[in-house]
Amino acid sequence: MGGNMMENKQLLKVENVGIQFGGLKAVSNTNVEISKGELVGLIGPNGAGKTTFFNLLTGVYVPTEGNIFLDGKRLNGLPPYKITRKGISRTFQNIRLFNELSVLDNVKVAYHSNSKHGIISSIFRLPSHFNGEREMEEMAIDFLKIFNLDGYLYEKAKNLPYGQQRRLEIARALATQPKLLLLDEPAAGMNPNETEELMNLISFIRERFHLTVLLIEHDMQLVMGVCERIYVLDHGQLIAEGSPSEIRNNPKVIEAYLGEEVS
Amino acid sequence: MQKRKQFKSFYIYIFAAIIVFAIVQFLISGQFMNDFYINTLMVIVINIILAVSLHLVIGITGQFSIGHAGFLAIGAYSAAIITMKLQLPFALSLLVGGIAAAVAGLIIGIPSLRLKGDYLAIATLGFGEIVRITLLNINYVGGASGMLVDNLTTWPWAFWCMVITILVIVNFTNSTHGRACISIRENEIAADAMGINTTYYKVMAFVIGAFFAGVAGGLYSHNFYIISPGSFGFMKSFDILIFVVLGGLGSLSGSVIAAILLSIVSTFLQDYPETRMIIYSLVLILMMIFRPQGLLGTKEITSFFKKGKSSDGGKHDGKQTVA
């Protein structure tokens, strides 16, 4: 009975996943389990394979071994857009907004896969086109209000200040209505104030959208501050897993990662 | 409210189109225009259709295709076969020309749109040449000597085909489907991550573009008395590409204006055949030096009339995709 409860709560299950590029094993034998509502961190030195792991989860790469399950459904081999529709959404290490589109349109693109009006309806401007577009616009505006971005609705995404671009990227990822949100170094290039704001934003969206979050981060203050559980990746292998305090004191982690700073 | 505004501007454009049509129709039927001018007019209209159809592929979806003359050729020959060999009506021939080109677009698009940038350009260039060489070797359509075609393209046919082309492409662009295409142009990886089926939309843009290029082909073949494979070489593809780039990548009105201007320039330079290509090239070089983003840059012409809220068409920096 108790075991069943646990099963139901599990959202993501990564089973012995690995990928090989030619002779190079970028990620191997990785096992990760994330329950609903958790906020999990993924850390590791540069080149450890963290972003590759994200790319495996989102379908950019197809794993050469192992399985990935979301809510019990196998995701291996699905193209990225289908994985997004199944409920995994992400942001990127280097911001990838649709620069020439307005802030509003950036979010509307995320709503596209839920739109009901087809190409024919749009070309002939049938009523379903107008209803669909209006609904999308209202949803997008309401959504941007949550993120305090409604002051920039018609501004091109590229004209936003850096911190707001990060914010918009997270908002856009959330607009796809994911179950699991992957954040790839959300605090990269931010000053302490912006990082603080970001931490608040992450806890806020988590509550508001009942979200499960997996984040890659180098900023230890942020990782230790917000994550409940941390996975450590080094040379493509998981070397540790545990609570922030456990990770902080794990000799393997210190050796692989923090070791450089200590010695 | 937005709906009403869109409707209003829609009727303004239709009204403007009817006026332009009526004036030119009056000039033609009143015989104020000689055959030379009428022919120039047809060339302009056909070039606008071609430019706008390629604009959807390059300017909106960001897929650098340079085999558009291939679709033009398929449309031209299919339409000519319908009227000349099968003795069927002209209207049907335009439709068949479009559909034949769209089918070709689908067949060529599915494999080649996996390629990106330069590779896609080379693949589409190859496609254009394959079409030309194939036509050259089919005796049914006259091989190298070409095919005789009746002169059936009239001003109303050409003009309303152009209006329909522009309407369809504008409507497509200003919808969630157009935004999906623009998002692919802006950042394909992010578009994928947002749940956009990028392959589907790339192929869709390609097929719609090919369809209208095929319709233009039907008008083209019935505008001259003869069509031959030689007129659909890669230079023709480049001519169309130049309309789109010169008008400003991502700007539909820009490509229309560029098509009009360059068609006029090239027609009037026919009197100086020995210097024609030099002057034409100079125009392009000067243009690229002084206005590398194209005539209208990334804006639509309507955005010059209304201040504030930017229009929602496609915009991007021309330099990035060309380079």
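Phe268(B) counts as exposed in this predicted model, because it has 12 C-beta neighbours inside 10 Å, and a residue is exposed if 12 or fewer such atoms lie within that distance. The residue belongs to helix α11 of chain B, which covers residues 252-268. Although Phe268(B) and Thr40(B) are 228 residues apart along the chain, their C-alpha atoms are separated by 9.3 Å.

**Overall form of chain A**

- Chain A contains 11 helices and 10 strands.
- The radius of gyration of chain A is 19 Å, close to the 18 Å that the globule rule gives for 263 residues, so the chain is as compact as a globular protein of that length.
- The C-alpha trace of chain A spans about 65 × 45 × 40 Å along its principal axes.
- Of the 263 residues in chain A, 42% are buried.
- When contacts in chain A between residues at least 6 apart in sequence are considered, 65% of them join residues at least 24 apart.

**Two domains**

- The domain assignment divides chain A into domain 1, with residues 2-87 + 178-262, and domain 2, with residues 100-172.
- The centres of domain 1 and domain 2 of chain A, taken over C-alpha atoms, are separated by 28 Å.
- Where the two domains of chain A meet, 6 residues of domain 1 are in contact with 6 residues of domain 2.
- On the side of domain 1 of chain A that touches domain 2, there are 3 nonpolar residues, 1 polar residue and 2 charged residues.

**The sheet of 4 strands**

- Four strands of chain A form an open sheet in the order β2-β1-β4-β5, and their pairing is antiparallel.
- Strands β2 (24-35) and β5 (73-74) of chain A stand at the edges with a single partner strand each, so one side of each has no neighbour in the sheet.
- Strand β4 of chain A, residues 65-70, is joined to β5(A) by 2 bridges, and these strands run antiparallel.
- In this part of the sheet, Phe69(A) stands opposite Arg74(A), a residue of β5(A).
- Helix α2 of chain A, residues 50-57, lies across β1 (10-21), β2 and β4 of chain A, and runs at about 65° to β2(A).

**The sheet of 6 strands**

- A further open sheet of chain A has 6 strands in the order β6-β7-β8-β3-β9-β10, with mixed pairing.
- Its edges are β6 (88-90) and β10 (237-242) of chain A, each of which has a single partner strand, so one side of each is left without a neighbour in the sheet.
- On average, neighbouring strands of this sheet are turned by 20° against each other, direction ignored.
- Strand β3 of chain A, residues 39-43, is mostly covered, since 4 of its 5 residues are buried.
- β3(A) pairs in the parallel sense with strand β8 (residues 212-216) of chain A over 4 bridges, and the bridge partner of Gly41(A) in β8(A) is Leu215(A).
- β3(A) also pairs in the parallel sense with β9(A), over 4 bridges; here Leu42(A) has Tyr231(A) in β9(A) as its bridge partner.
- Strand β9 of chain A, residues 229-234, runs antiparallel to β10(A) and is joined to it by 5 bridges; within this pairing, the partner of Asp234(A) in β10(A) is Gln237(A).

**Helix α4 of chain A**

- In α4(A), 9 of the 9 residues are buried, so this helix is largely enclosed by the rest of the structure.
- The buried residues of α4(A) include Val103(A), Asp105(A), Lys108(A) and Tyr111(A).
- The cover over the buried residues of α4(A) includes α6 and α7 (162-175) of chain A, together with α7 (176-186) of chain B.

**Contact between chains A and B**

- The contact takes 32 residues from chain A and 30 residues from chain B.
- On the side of chain A that touches chain B, the elements giving two or more residues are α3 (80-86), α4 (103-111), α5 (119-123) and α6 (127-146) of chain A.
- α6(A) gives the most to this side of chain A, with 5 residues.
- By class, the side of chain A that touches chain B has 12 nonpolar, 10 polar and 10 charged residues.

Definitions and conventions. Residues numbered from 1 in each chain as written. Chains lettered and ligands numbered in written order. Predicted model: local features only at pLDDT ≥ 70, side-chain atom pairs only at ≥ 80, totals over all residues. Pairing = 2+ DSSP bridges. Contact = placed C-beta atoms within 7 Å. Axes fitted to C-alpha atoms, helices over the stretch in contact; angles between N-to-C directions. Domains from an automatic or database assignment. Nonpolar A, V, L, I, M, F, W, Y, C, P; charged D, E, K, R; others polar. Rg over C-alpha atoms; globule rule 2.2 N^0.38 Å. Buried ≥ 20, exposed ≤ 12 C-beta atoms within 10 Å, placed from the backbone.
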